[in-house]
Amino acid sequence: MAKVSCVDISEFQQGINFNKMKNDGIKAVIIRAGYGRESSQKDSMFESHYKNAKSENMMIGVYWYSYADSVGDAEKEAKACLECINNKSLDMPIYYDLEDNSQTKLGKAKLTEIAERFCETIKKSNYRAGVYANLNWFNNYLDYDKLKKKYSIWLAQYNSVNELNCDIWQNSSTGRVSGYGKNIDTNIIFNESVFNSKKEDDKDKGKITKPDIFYRVRCDGVWLPEVKNLEDYAGLKGKAITDIAIKVSEGKVWYQVHTKSGWLPKVSGYDIDDLENGYAGNGSKIDAIRVYYTTPQSIAESLNKYLVAKYKVSAISKEYFDWQLDDQTSNGQDGYAGLFGNNIDRVLLVLE
């Protein structure tokens, strides 16, 4: 049997040690954002769970518990969900949790329509969507075949095998993993493309997704492996960064670094053998960086927004400073990430 590598959590699970959980082989977590039609029904632990899982570079998905009894309610639930998520970066789809007994009287056709409205509303905000339900619901209250053609399927069935084809199988509600001393929902991921925002399969044909950003840094004279988006951080904790290289899959990016001598020239290339424009740095320890992304017009029109480089750094062996967006100086931002005089050891970068 495939290995459990994902858990799902809500405010009912507190005191989680995400570092221990990750070291136990759990690479992904699906977090309840809330329930119902109002953003006031946001899960009280959502922000904390998200922050702590993200700090361990775990893959993150979200689910929203439904009480909808009409298509209009489903749209309200989707909008409440989006408001609670507040444009956060997700690695996995947003799943619509359909299981409430009060809804079964609506019948298969109506409940399927409800699921579709929620998912389509989610997709309009450039998130991927999925449906969570148990075997009974997928067999009797939802048009499984219709939904599977368009959305990710997350099946709950506490059994030795899954009896429906699915992307994710919730195989137990009494699982035990390191980092949490009580029972927890465990999941087996069959379809790794749930992590791949660039995947264009039958569920997502024609969907425009954000470009990727790639970056790597040099510490102690050695270039470290390339990192994509927020899959990991670039750097070694406790080791000063002296150089950085950044590129994007689409669009343009320029970047520069600050050392004790001041700001070095902006660069836009990505070639560690090109001393002029392939990377930013001159072998001196870096205490701040600045990154600026230009969105192609075609992507801006498709996403209905312009993207920015979102990035943060940590001083050596310290906590991360706040996120910076491009070179903006509004809303308390500095125009760069870092603090002059405090050399950095880790970098996180994403387009948002």
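## Cysteines in a predicted model

Buried here means under 20% relative accessible area. C84 sits at 3%, so this cysteine counts as buried. C219 also lands in the buried class, because its relative accessibility is 3%. Keep in mind that this is a predicted model.

How many disulfides does the structure have? The count is zero. For C84, the nearest cysteine sulfur belongs to C81 and is 7.0 Å away, so with a cut-off of 2.5 Å C84 is in no disulfide.

Strand 3 covers residues 59-65, and seven of its seven residues are buried. In a regular strand the side chains alternate between the two faces of the sheet. Here M59, G61, Y63 and Y65 point one way, while I60, V62 and W64 point the other way, and all of them are buried.

On one pairing, strand 2 (residues 28-35) runs parallel to strand 3, joined by seven bridges. Within that pairing, I31 stands opposite V62. To get from strand 2 to strand 3, the chain passes through helix 2 (residues 46-55), and the β-α-β crossover is right-handed. Strand 3 also pairs with strand 4 (residues 94-97), again in the parallel sense, over four bridges. There, Y63 stands opposite Y95.

## A lysine without a salt bridge

Back in helix 2 you'll find K54. Which side chain of opposite charge is nearest to K54? That would be D91, at 4.1 Å. The cut-off for a salt bridge is 4 Å, and K54 is buried yet has no salt bridge. Setting aside residues up to four places away in sequence, K54 touches I60, S89, D91 and L230.

Strand 20 pairs with strand 17 (residues 288-294) over two bridges, in the antiparallel sense, and A288 stands opposite G338.

T259 belongs to strand 14 (residues 252-259). Is T259 buried or exposed? Its relative accessibility is 1%, so T259 counts as buried. Leaving out neighbours within four places in sequence, its contacts are L264, N282, S284, K285, I286 and D287.

## Salt bridges

Across the whole structure, a search turns up 18 salt bridges. One of them joins K42 and E47, with 2.6 Å from N to O. K42 has a relative accessible area of 28%, so it is partly exposed, and E47 falls in that class because its value is 34%.

E75 and R117 form another, with their closest N and O atoms 2.8 Å apart. Since E75 lies in helix 3 and R117 in helix 4 (residues 108-123), the pair ties together parts that are 42 residues apart in sequence. E75, at 24%, counts as partly exposed, and R117 does too, at 33%. E231 and K228 also meet in a salt bridge, at 3.6 Å from N to O. E231 is partly exposed at 40%, and K228 is partly exposed at 25%. Finally, E11, R32 and D43 are linked in a network of salt bridges.

Notes
Residues numbered from 1 in each chain as written. Predicted model: local features only at pLDDT ≥ 70, side-chain atom pairs only at ≥ 80, totals over all residues. Heavy atoms only, no water. Buried < 20%, exposed > 50% of the residue type's maximum accessible area, 1.4 Å probe, protein only. Pairing = 2+ DSSP bridges. Right-handed = clockwise from strand over helix to strand, strands pointing away. Lys, Arg positive; Asp, Glu negative; His and termini not counted. Contact = heavy atoms within 4.5 Å.
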